[in-house]
Amino acid sequence: MAFGKVLSACIDGMQVHLVQVEVDISNGLPLFEIIGCLSSEVKEATKRVRTALRNTGIYMPAKHVVANLSPGTIRKRGSSFDLPVAIGILQAMEQVKKEEKTLYAGELSLDGKVNGIPGILSIVMEGKKKGIKKYVIPSENYREAALVKGVEIVPVEFLSEIIMENTPRLKTGRERKIKGNTRKSTVDFGEIKGQEGAKRAMEIAVSGGHNILMIGPPGSGKTLISRGVPGILPPMNQEEMLEVTKIYSLAKLINPMAPLIQERPFRKVHHNVTKAGLIGGGMTPSPGEITLSHKGVLFLDELSEFKRGVLEALREPMDDRSISILRRQTVYHFPAEFILVGACNPCPCGYYPDVERCSCNAYEREQYQARISKPLLDRIDLCIETPKITFEEIQSEKQAESSKDIQERVVKTRKIQERRFEKENIGVNGEMNISQIKKYINLQPEDKPLMEKAFLRLGLTARSYHKVLKVARTIADMEGQKEVESRHLKEALGYRIR
Amino acid sequence: MSEEYEIWLAGIRHLGGKKKKLLREKLGSAREVYNIEETQIEKVPFLTENEKEVLKIEKKRDIKRINEEMNEKEINFLPYYSKNYPKKLKEIYSPPYALYYKGSLDLEAVSVGIVGSRAPTPYGEGVALEVAEALGKAGVTIVSGMARGIDSIAHRGALNAGGLTYGILGCGVDICYPREHRGIYSDLIKCGGVLSEYPPNTKPFKSHFPARNRIISGLCDSVFVVEARKRSGSLITADMALEQGREVYALPGPITSPLSEGCNNLIQEGANIFLSVEKLMEEMKINGKISDGNSKQNKKTLERTEFLLYSCLDFFPKNLEELVKVTKLDIGEVLKGLIELELEGIVKEISKNYYVKIKEI
């Protein structure tokens, strides 16, 4: 019986579907055809497979060859079906043995080399869940796939290896220690002179997972401070690392030699970004910047220069902590749990309220600030000013607190929050909804008049009132205080958005 | 109704007030001007060729429509020969041929013009508001230009105090410019009025604004310049005021502040120095109680940190960083104290983390 059956997988957005590749060789007009809801790059597989096999020394029989990728309802994309189709043909030609519970994925070169593919980590993780024990994958993707423990990973470099061995197995000496991707953040908070307010606010933001906006004149160090943020973010646990690596693998952004992303992502986005670039999109949606900053920081410099529509698109993912994109009757979900760090100037020229340099009038300032949509500002908990740096500060030899010390405190504060939210589906104060705020923040009786006064005098809204409470909760957590006290509230009021 | 013709004549653009006056006086009335034959126009000696053309074209306009529009928009018309025409304006050089206004026109009381920068500092804003409120309470009419910055603050102050206040516009009175002052515009019509020498529908051309400054100073007994840069439009108002024999007061400011340069120069050139509302009212012989006395009652004993912060602040914005450095407190403390002061209404956050003192204790 000239029939072959191989297991493979396809990626649809962030989702992995297992795919059966069936190959049948029968008498009839010579033909090689692949069917099963294919996109054009999968159709091209026929040419690659035929040539790769020939260059490996296998001539396909001049018969009717049909490969079917099932289920036939899911759209198949990408070039990862080359290898399984080739193996299916070889099985049908009885060149290799059939193997149960083995998943094949890889792209073929015309010379028979097996090329790497994106998203291998997702495929192996999903396969493990479904009980698949063995994975035959391009050797380029080996280190990435090997991040998943408890399964057998067989890397292949050439198609010929599989044919010669008849049944592929792990070659000894292949397994090397897997190095992580250690990207050191470039700026240490200890090197930043002055800017105590901004650094403190940044620590609060990172500790409690709050979104933050920095306002300041050009050259005051907004970008510098934001570069220091990765250094104070708490380290990720194994689970989070894999989650982030999965995304980066899909986006083809990992280093195959050191695939594991160990540091929290920090994405700086230019203000020319399109909506699709920021939130994800395309014909078959690929992760956008918000998904790439999952578990990390999304930094939007020059916030007021972004196109309005692009910023508006951030509203939904900031609330849901994920983004859903609808394409061709399919909804694609991408995770997007990030801390937004924004930076902008106070006025068009950037120097307000320094009257010697600023010539903008109130109207121009209003217009400038109105460019950032109000609903977006509503989702930002903290706001801080970064003043221009004085000469003494540039010259000063005094070392500020290093990022490492700050990071330690952040980790401690995060632990307190984790314990508090054990039974909730959130991890940090910034994610609290109104009922959770009511549950976890008890205002002292003497603080109620204070907040009432603040509400009236400082023009708070219901939303900004809750934001103040959340930030106050984080400040209290940083001190290890059980209850939110009036000094926490007052400091939080100082960080409110005007 | 001969007023229809008067409105028509006053509304002719590209024909100066003096020429209109001459025409009207030579021919007897506006109706005669309207009915003048084309051949006759050519014979008028003081009109240029252009002006003759303008007149010929304008004669084709629908007089009824012009009139209806004035009624629809509730615009009042006041030509120079009317007995209601403000006396103070008659005295000045080149008084407007006619005034258009919305609201009421009552310029009997003592009036003060308050003018200044469109982008003032909190210091100027504070003083302008205080003076306008005090004068408004004392029954003084406040005249200004409804522009951004000091002008609108002066109007606002007078409105707060329930006083009369007039906005002199550089466009037709049916147009609210700048647009964001719609609130002030409608309030002005209720408690005073908006006034212009330009016929309705006139757009706010740049050249109109220096010209309207002569009306601001003309309608006033004194002009108070709050803040002005070296070459500010407010200085034109001050010049006009001096030409028209009005008193000019200027608010002194730090020599380092570019927004006080114009005012300080004025003082050097001999303008009256503004030292306090009390003194201003004394000099202008205005009676009225201004010190409300409760400022003493309000005197609160501040806590140590708050007092420290308070003494570090002034009318010029200080940012959080500076305050932290000066007081040597940590940020949490400083922010706490500032919020405390802000809640007491002593301090204002004018831009994110920039604070100014707005009240003395």
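**Close-up views of a predicted two-chain model**

**View 1. Two helices of chain B pack against each other.** In this predicted model, helix H16 (residues 304–312) of chain B packs with helix H17 (residues 320–327) of chain B at an angle of about 120°, and their axes lie 11 Å apart. The crossing of H16(B) with H17(B) is right-handed. To find the contact, look for B:Leu308, B:Leu309 and B:Cys312 in H16(B), which meet B:Leu323, B:Val326 and B:Thr327 in H17(B). Which classes of residue does this contact have? There are 5 nonpolar residues and 1 polar residue, with no charged residues, where H16(B) meets H17(B).

**View 2. Chain B as a whole.** Stepping back from the helix pair, you can trace 18 helices and 12 strands in chain B. Along the principal axes, the C-alpha atoms of chain B fill a box of roughly 85 × 40 × 35 Å. Of the 361 residues in chain B, 48% are buried. Among contacts in chain B with a separation of 6 or more, 68% are between residues 24 or more positions apart.

**View 3. Chain A touches chain B.** Here the contact draws on 28 residues from chain A and 30 residues from chain B. Which elements of chain A give two or more residues to this side? They are helix H7 (196–208), helix H14 (362–369), strand E18 (382–385), helix H19 (447–457) and helix H21 (486–494). H21(A) gives the largest share of the side of chain A that touches chain B, with 5 residues. Sorted by class, that side of chain A has 14 nonpolar, 4 polar and 10 charged residues.

**View 4. The domains of chain A.** The domain assignment divides chain A into domain 1 (3–165), domain 2 (189–410) and domain 3 (432–498). Taken over C-alpha atoms, the centres of domain 1 and domain 2 of chain A are 41 Å apart. How many residues does each of these two domains bring to their contact? Domain 1 of chain A brings 16 residues, and domain 2 of chain A brings 16 residues.

**View 5. The side of domain 1 that touches domain 2 in chain A.** Two helices to look for are helix H4 (120–129) and helix H5 (142–145) of chain A, each of which supplies at least two residues of this side of domain 1. The largest share, 4 residues, comes from H4(A). By class, the residues of domain 1 of chain A on this side are 7 nonpolar, 5 polar and 4 charged.

Methods
Residues are numbered from 1 along each chain as its sequence is written. Chains are lettered from A and ligands numbered from 1 in the order in which they are written. This is a predicted model: local features need pLDDT of at least 70, side-chain atom pairs count only at pLDDT 80 or more; totals for chains, interfaces and linings use all residues. Two residues are in contact if their C-beta atoms, placed from the backbone, lie within 7 Å. Ala, Val, Leu, Ile, Met, Phe, Trp, Tyr, Cys and Pro count as nonpolar, Asp, Glu, Lys and Arg as charged, and the others, Gly among them, as polar. Axes are lines fitted to C-alpha atoms, for helices over the stretch in contact, and angles run from 0 to 180 degrees between N-to-C directions. A crossing is left-handed if the near helix is turned anticlockwise from the far one by less than a right angle, and right-handed if clockwise. Domain bounds come from an automatic or database domain assignment. A residue is buried if 20 or more other C-beta atoms lie within 10 Å of its own, exposed if 12 or fewer, and partly exposed in between; C-beta atoms are placed from the backbone.
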